[in-house]
Amino acid sequence: MSNAPHPAPARTRPRGPLLPTIGIIVGLVIVFFVLARFWTEWLWFGQLGFTEVLRTEWITRSLLFLVAGGIGGALIWLNLHLAYKNRPMYVPVTTQQNDLDRYREAFDPVRRLVFVAAPIVAGLFAGSAISGQWKTVLVALNGQPFGEKDPQFGIDLSFFLFTLPAVRMAITFLMTITFFCALVAVFTHYLYGGLQVSGNRGERISRAARIHVAVLAGVFTLLIAVNYWLDRYSLLAKQGDRFDGASFTDVNAVLPAKAILAVVGVLVAVLFFYTSARGSWKLPAIGVALMVASAVVVGGIYPAVIQSVRVDPNAQVLESEFIQRNIDATRDAYGLDDLDTQPYAASTETEKGQLREDAESTASIRLLDPTIVSATFRQLQQNKQYYQFPEELAVDRYDLNGETQGKTDTVIAVRELDLSSGSERSWVNDHTVFTHGFGVVAAYGNTVTDDGSPKFFEGGIPSKGDLPKYQPRIYFSPEAPEYSIVGAPEGTDPWELDYPDDDAPNGQVLSTYTGDGGPSVGNIWNQALFAARMGSPEILFSDRVTPESQILYERDPVARVAAVAPYLTLDGKVYPAVVAGDEGEIDQVVWVVDGYTTSNEYPYSARQQLSSAVTDSLTADGRPGMGVVEATQPNEVNYIRNSVKAVVNAFDGSVTLYAWDTEDPVLQTWNEIFPNSLEPISEISGSLMSHLRYPLDMFKVQRELLTRYHVTDASSFYSGGDFWRVPNDPVASGTQEVKQPPYYLSLRMPSQDSAKFSLTSSFILDTSDRNVLSGFLAVNAEPGSEPGKIDEDYGQLRLLELPRDQTVAGPGQVQNNFDSYAPAANELNILARGGSEVIHGNLLTLPVGGGLLYVQPVYVQASGGTQFPLMRKVLVSFGDAIGYASTLNEALDQVFGGDSGVTTPDAQPDGEGSGEGTGEGSGEGSSGGDTGTLDAQARLTAALERARVAMEDSSSAMSAGDWAAYGTAQEALDQALQDALAAEAELTGTTPPAGDEQPTDQPTDQPSEDSQG
């Protein structure tokens, strides 16, 4: 025995606190950022008064996460535990088992960790997947009946729209969990010897493994059988090649085949359960083979044979019943069942006084194109670089003479805040100084000033005009900044910029926000939370953040409505309106957002892709449309209702949801889920009601469906010979062919007593080579002006069908005729060559005078430098006659023999007709702040254009030797130059030359009579 001393054990250095401390800090930071998100969400919803929505969503998501995650995790753990617990004690010695021994030895040290971590991970995935389906579950639990039954099974439609999606989701979830349970069970049994690939037949699987695997296989097969049975109901909403819904083959072959496969699936499941008890795999193997064969023969080959042998040779007869189901369901699901279809033998002949009976519609023709005059609004009314107008302005109607609400069609826009063009960018300026836009600008839709600029009846800064006094500060708008900190302490000087004003201190008017538009950031806790959420530490340290401060964010009206009403699909066109305030308060600017309830499960209804239906020449470039707005429903739908009118106050951001379509079962269901979020129609004031309108995207979807579903006879629908299409926009820029957009304008359809604010579109034959008009669609877009009451005629779709044997030019043909019309083409070409750019406005179609009248405004702008279009000419077409003049009245008289029978507002002196603007917002090119300067600029532009035309006329006359015409052109040139010099002098503040002076670089002498001789 050795007496040598044993070596001392090596000392292990104690772990320092650095790594645990870092881990704790990182964890706390993560928790803080998560808390910041959740707590700021709660504050935001609470400030709006919609905590019920957030609370219901969070509770439902949490319960679904816990239930689904618990079930998924528990089942995975149970199968792992059972497979390991029932592993064989003695494993036959084989080459395979010798190889597995090494894997078992490597796996055993981490087995406990894997057996705990795997269920947790599975539970997290399962819970996350199911919690995202919270709307599906809530709808299934609260679904309201439709009161209508499907034509095949006789079940209330609520089963298909509400219950069936939730049941299928549950079955899919259980199938997925069962599949993964089987995977982990087979893996564990194989790893521990309960399941072997080689060896004697009786030794390949242990009794415990056989029972375990057979039961799981039986459950999985039973779920497949249930899925087959549910497929029977889903057939009614399937998408077909010619029409949607179950066809003859589906009903007579596929549907019974699904029932047979479901029965076979149950029998195979029973065989698996039998195997778990008796031990033979032969019967379930035969059952599985039979199930696969049945799926191929009964589910595939048999329906294909029925389709090719019986249906295809007799399709028009055999499919007629099911096509009729599709037609009826589609028209009902899209609100087309009440379509008023009228034959319209459009006249193409013209005569004097032909428009006299349609004087109201003709006098209301909207000449101002809201997609073109945005640049003009910016030039004349923007005032400063930190304001902006949208690319497409809104069309509305306003009572300006106190007689009738909705009397005057109006083009209106809000002066929004634009920080992108500012030169002095800083956190203080971006988030505490430049906080809001200012005022609305509105112009008459049916008339312009003498120089072609919009005739404003409201505008300028501060706002002046014909509208009552309103709150002009725009804190919430589509283009508002990400967030602003508003609210200065009482008694301190304001620092939020309202507008520039030379008479104010420092040349600008400042204000302090007095509304309740956002959560408070008046304490250090909220400041820290919002600093984390916005990624702006300045919120925590800036002196501009005071105890009175609020933070305004999520300022886009569409985003606000989407947050508080997550069940809605929202229209892409949000529009402003000035409405009367509460008693004792001034009027308010509000944004109106149309909300839709949609589904993709309506039996037999045709599916429509929203993004495709709403795309036209105005949305093809990425401008808002329902297809590009973040929607909570699928992009493809087969049921839609305009169920909600949402109103967002532009000053305080408050959101009010009005239940517009109270008969909609989908909305009724969501009202059960969120009982306090919707206001009844009775709460809508008369002022607000007069500015609500039929939604644009809804109309686009309906007109797209009507290209086919105006045909109500099954045989005609099958042949497809009378299908239409929406015409391409003939004035769209670029080479891409895109659909013509619908147009808002006041219009009297042949069956109406008076003109109504309407939304219109036209149809042409579905051929590639003929642009011939086939139909005209209009919907009454005006709900009236009575508080809490919708006019009975609102939403009435009226379709004029032109005779099949009549040829009436479509928009494409009319535009071609306009472009080739010599008097117009010559003058417009001269303008284009003379440094100007000619822009064709929207081509409007009106059913007046017993025929169809086309009207198109023509705008001219400079080709370089300061560019803004001015309406110079109007083109008119009726039948084969074309008019081209400076005013609509003159163009109409040209077409109708010198007297159309109506006098339009653009032919009346200022102050007559549709009203006269007042103050700085009254138009005549005014900007509200420097009327004279803008008038001079407009006169200068007009004079230079006249000079160019006169010079062209002089050259032409000289070449032709027509000296009389040459003298006339020279006189016109002299006058134009004098007007230009006078306008330029006014702009520059210099003295203009005397009336008889001529510029030295211009010819002053005309040829003598001798030289002409």
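**Briefing: selected local features**

Val 428 lies in helix H14 (residues 427-433); helices (H or I, at least four residues) and strands (E, at least two) are DSSP runs, numbered from the N terminus. This is a predicted model: local features need pLDDT of at least 70, side-chain atom pairs count only at pLDDT 80 or more, and totals for chains, interfaces and linings use all residues. Residues are numbered from 1 along each chain as its sequence is written, and side-chain values use heavy atoms, with hydrogens and water left out.

**Val 428 and its contacts**
- Val 428 is partly exposed, because its relative accessibility is 32%; buried means under 20% relative accessible area, exposed over 50%, and partly exposed in between (1.4 Å probe, protein chains only).
- Setting aside neighbours within four places in sequence, Val 428 contacts Val 433 and Arg 544; contact means heavy atoms within 4.5 Å.
- Val 428 and Arg 544 are 116 residues apart along the chain, yet their C-alpha atoms are separated by 8.0 Å.

**Strand E3**
- Strand E3 (residues 394-398) has five of its five residues buried, so the rest of the structure largely encloses it.
- Ala 394, Asp 396 and Tyr 398 point one way from E3, while Val 395 and Arg 397 point the other way.
- E3 runs antiparallel to strand E4 (residues 408-414), joined by five bridges; two strands pair if DSSP finds at least two bridges between them.
- Val 395 sits opposite Val 411 in E4.

- Leu 18, Leu 19, Ile 22, Val 26, Ile 30, Val 34 and Phe 38 make a nonpolar surface patch of about 690 Å².
- Patches are made of residues with over 30% relative accessible area and no salt bridge; like charges are joined within 9 Å, nonpolar side chains (Val, Leu, Ile, Met, Phe, Trp, Tyr) within 5 Å.
- A salt bridge is a side-chain nitrogen of Lys or Arg within 4 Å of a carboxyl oxygen of Asp or Glu.
- Accessible areas come from the Shrake-Rupley method with a 1.4 Å probe; for residues, only the protein chains shown count as cover.
- Val 26 belongs to helix H1 (residues 18-48) and is partly exposed at 44% relative accessibility.

**Backbone exceptions**
- Most residues other than glycine have a negative phi, and most peptide bonds are trans.
- Ile 461 and Pro 462 are joined by a cis peptide bond, with omega about -5 degrees.
- Pro 462 lies in the loop between strands E8 (454-459) and E9 (464-465).
- Glu 554, not a glycine, has a positive phi of about 50 degrees.
- Tyr 604, also not a glycine, has a positive phi of about 70 degrees.
- Tyr 604 is buried, at 1% relative accessibility.
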